[in-house]
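Me: I'm new to this one and would like to talk through its salt bridges. Could you take me through them slowly?

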Amino acid sequence: MDKIHKKLGEAELEIMQAIWDSKNPVTSNYILNELRGRRKWQLSTLMTSLSRLADKGFVSCDRSSGSNLYAAIISENAYKAGASRHFLEKLYNNSIQNMIATLYSNREIESSDVAELRIFLDEMEAQHLQENRGKQE
């Protein structure tokens, strides 16, 4: 998977989340409705942001149907993976252990969060081992 180098601003991320959540191409009016309550935008402001997202390679615009339909080019999962990797590299020297230690020592996460994380990691490891056994058979 290619690294995602381009970042989304807060407002751009909200637009992308509306597009990702829809699963289908959407109109600008759909996005405006999805952002209602969070953003008090005019259509022209949204159109400017959509144009920037297209320039950055995040969305495509299909004009063939008579109304502009916007679709994600980069999947939500791919963006999150790239942004998370960049965040970890930049702030924690690529160490998830350093990140968890910082959060825990500053009481940003609780002991219950650590226990939940431990269970999750154990389940992921068990699944990974099972998948590897299946490939070897």
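Me: What does Glu76 form with Lys80, and how far apart are the closest N and O atoms?

Reply: In this predicted model, Glu76 forms a salt bridge with Lys80, with the closest N and O atoms 3.1 Å apart; the term stands for a side-chain nitrogen of Lys or Arg within 4 Å of a carboxyl oxygen of Asp or Glu. Residues are numbered from 1 along each chain as its sequence is written, side-chain values use heavy atoms without hydrogens and water, local features need pLDDT of at least 70, side-chain atom pairs count only at pLDDT 80 or more, and totals for chains, interfaces and linings use all residues.

Me: Where do Glu76 and Lys80 sit?

Reply: They are four residues apart in helix 4 (residues 76-92), so about one helical turn separates them; helices are DSSP runs of H or I with at least four residues, numbered from the N terminus.

Me: Ok, new topic: which side chain meets Glu14 in a salt bridge?

Reply: That is Arg39, at 3.0 Å from N to O, and this pair links distant parts of the chain, since Glu14 is in helix 1 and Arg39 in the loop between helix 2 and helix 3, 25 residues apart.

Me: And is Glu14 buried or exposed?

Reply: Glu14 counts as buried, at 12% relative accessibility, whereas Arg39 is partly exposed at 23%; buried means under 20% relative accessible area, exposed over 50% and partly exposed in between, using a 1.4 Å probe and protein chains only.

Me: How many salt bridges does the structure hold?

Reply: It holds four, among them one between Arg39 and Glu10 at 3.8 Å, N to O.

Note on methods
Helices (H or I, at least four residues) and strands (E, at least two) are DSSP runs, numbered from the N terminus.
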